[in-house]
Amino acid sequence: MSLHAGLCLNDQLLSISLYDDQAARFVFHERMAAWPGHLAAALKQPKYRALRQATCTLTLANASCPLTLIDIPQAEDDEQTRNLILFHGQELLQLTDKDLSLDFTRLPDKAWRGQRQQGFVVAEQRLRLEQLWFDSHGMGLNLQQIECVELSLGRLGLSQQNSQQQALLIELKNRLLLLLYYQQQLCLVRHIDFQFAGQKSLANQFQLDNLTLQLQRSFDFYEHHMALGQISHLALLTTEPFSERNLEHLMAELPQRTQTINLDPILSPDPEPVLDQFTLASMGAALRGVST
Amino acid sequence: MKHDVNLLPSLRALAVPFNLTQLSILAAASLGMAAFLVLLGWQTQQQQQHNWQQLQQDVHQLQQLQQRLLSQQGQYRSHPGHPSQADDFAAATQLLTHSLLAHPSGVRISQIDTGQHFQQWHWQGQVERSEQLWQWQQQLSAHQPRLHWLVADLQRQGDSLHFQLQAEMKP
């Protein structure tokens with residue numbers, strides 16, 4: 001049996017999803033008060049013991065420095081690159097805390113017509129990471145990765161699509177998260193303030209027009225400035241059927257081929273999870289283990 | 001192409017590759033003494049690029065060290081009049097752990113001593129270049145601003161620089 005656990009952590013809450021490779025679905029989703037006390041106690045119960053057999057990916061909902069697009073300095077290797085980013089942190093990321101650990105991704109070489117090397121950086125206090133590692137180790141968890149929610153959430157959309165250029169629009173609490181990919185590499189992240197006028201009613205036309213405009217601008221930036229081609233697919237990940245109706249209405253305005261992501265086949269049936277951003281993030285984190 | 005992040009290995013980005021091949025604790029515990037000496041010896045493998053699995057091994061051994069420290073603490077507590085506090089102990093073990101995990105490449109630590117009541121700390125070892133020592137001192141100082149950090153000694157012996165670093169609670 002091959003198990004992959006995803007844990008999403010913020011200050012108040014820990015969301016856990018456990019994926020079973022053999023069953024090709026999640027076997028449970030759980031929610032508990034923040035790390036690590038409740039989890040340590042829960043791990044003594046039979047239901048949770050499987051977590052100790054899983055490879056774990058932890059995703060941080062509130063990293064000190066959230067995922068940020070920057071120019072990546074030229075260096076001999078990744079370690080030197082990290083050091084250079086830290087050294088220039090004040091200027092590049094406006095970091096005030098000096099004792100940070102960070103990691104980065106790179107945009108495709110093709111981006112910016114090869115004239116700029118950019119990538120995403122995420123950073124967290126070293127002390128917090130050490131504490132997370134020691135807590136995990138102490139509880140017998142096999143923690144392999146720590147990442148950030150944008151990358152975790154994106155994995156839920158990528159697992160169902162194969163096109164070269166694609167967009168993923170995810171409904172979060174009071175906002176939307178737009179992720180643009182080139183060959184499954186994250187190239188653009190935008191948080192769009194958007195709140196439907198009540199989940200049970202259609203958003204008004206002005207709101208929808210405004211959102212359409214913001215999406216179209218993002219696609220234009222990707223196509224013309226980053227020079228990565230035309231976004232052909234747009235996938236929607238929503239948490240409530242009522243807002244899905246709103247979004248479907250909205251997508252009729254855009255030329256991209258649009259589809260909603262159906263997670264039902266991989267969700268744990270018993271108990272059915274509360275599908276909010278924390279559960280989704282923990283699911284995406286677990287899928288990192290599946291793809292590697 | 002690098003398209004995922006993992007913050008865990010970056011814990012080691014600035015850390016020297018070290019391999020705890022020998023771990024010994026000499027407790028100078030006696031009825032008349034309220035201090036003990038922690039002696040760590042290990043061999044460094046500077047040429048070897050350490051990976052994440054190595055960190056797991058290191059941490060496991062560090063935890064064993066912490067357990068031994070705990071047992072030592074129990075002995076001291078059994079001694080009448082010993083003022084050791086749980087908070088001091090927790091802070092001390094955290095400091096020890098951090099200093100081991102976060103020291104820059106090029107620094108080799110040969111010995112760590114704890115002073116009386118976990119109020120003083122001493123590190124000894126070798127460094128390739130003095131800048132690496134200052135860098136480490138700055139990191140530790142940022143991490144533990146309540147301590148006063150001082151490079152007590154730095155001497156060239158042959159091809160290497162031998163250092164002594166100390167930290168103590170600010171008055």
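**Close-up 1. Ala167 in strand S9 of chain A.** In this predicted model, A:Ala167 sits in strand S9, which spans residues 165–172 of chain A. Is A:Ala167 buried or exposed? A:Ala167 is buried, because its relative accessible area comes out at 0%, and the cut-off for buried is under 20%. For a sense of scale, take A:Leu186, which is 19 residues away from A:Ala167 along the chain. The C-alpha atoms of A:Ala167 and A:Leu186 are 9.6 Å apart.

**Close-up 2. Helix H5 of chain A, a mostly covered helix.** Helix H5 takes in residues 149–158 of chain A, and 10 of its 10 residues are buried. Among them are A:Val149, A:Leu151, A:Leu153 and A:Leu156. The buried set also includes A:Glu150 and A:Arg155, along with A:Gly154 and A:Gly157.

**Close-up 3. An open sheet of three strands in chain A.** Read across the sheet and you get the order S5-S7-S6, with antiparallel pairing. Strands S5 (65–71) and S6 (100–104) of chain A are at the edges; each has a single partner strand, so one side of each has no neighbour in the sheet. From one strand to the next, the twist averages 30°.

**Close-up 4. Where S6 meets S7 in chain A.** Strand S7 covers residues 118–125 of chain A, and S6(A) pairs with S7 in the antiparallel sense over five bridges. Which residue in S7(A) is the bridge partner of A:Leu102? That partner is A:Ala123.

**Close-up 5. Helix H2 across the sheet strands of chain A.** Helix H2, residues 78–87 of chain A, lies across S5, S6 and S7 of that chain. Helix H2 runs at about 125° to S6(A).

How values were computed. Residues numbered from 1 in each chain as written. Chains lettered and ligands numbered in written order. Predicted model: local features only at pLDDT ≥ 70, side-chain atom pairs only at ≥ 80, totals over all residues. Heavy atoms only, no water. Helix = DSSP H or I, 4+ residues; strand = E, 2+ residues; numbered from the N terminus. Buried < 20%, exposed > 50% of the residue type's maximum accessible area, 1.4 Å probe, protein only. Pairing = 2+ DSSP bridges. Axes fitted to C-alpha atoms, helices over the stretch in contact; angles between N-to-C directions. Contact = heavy atoms within 4.5 Å.
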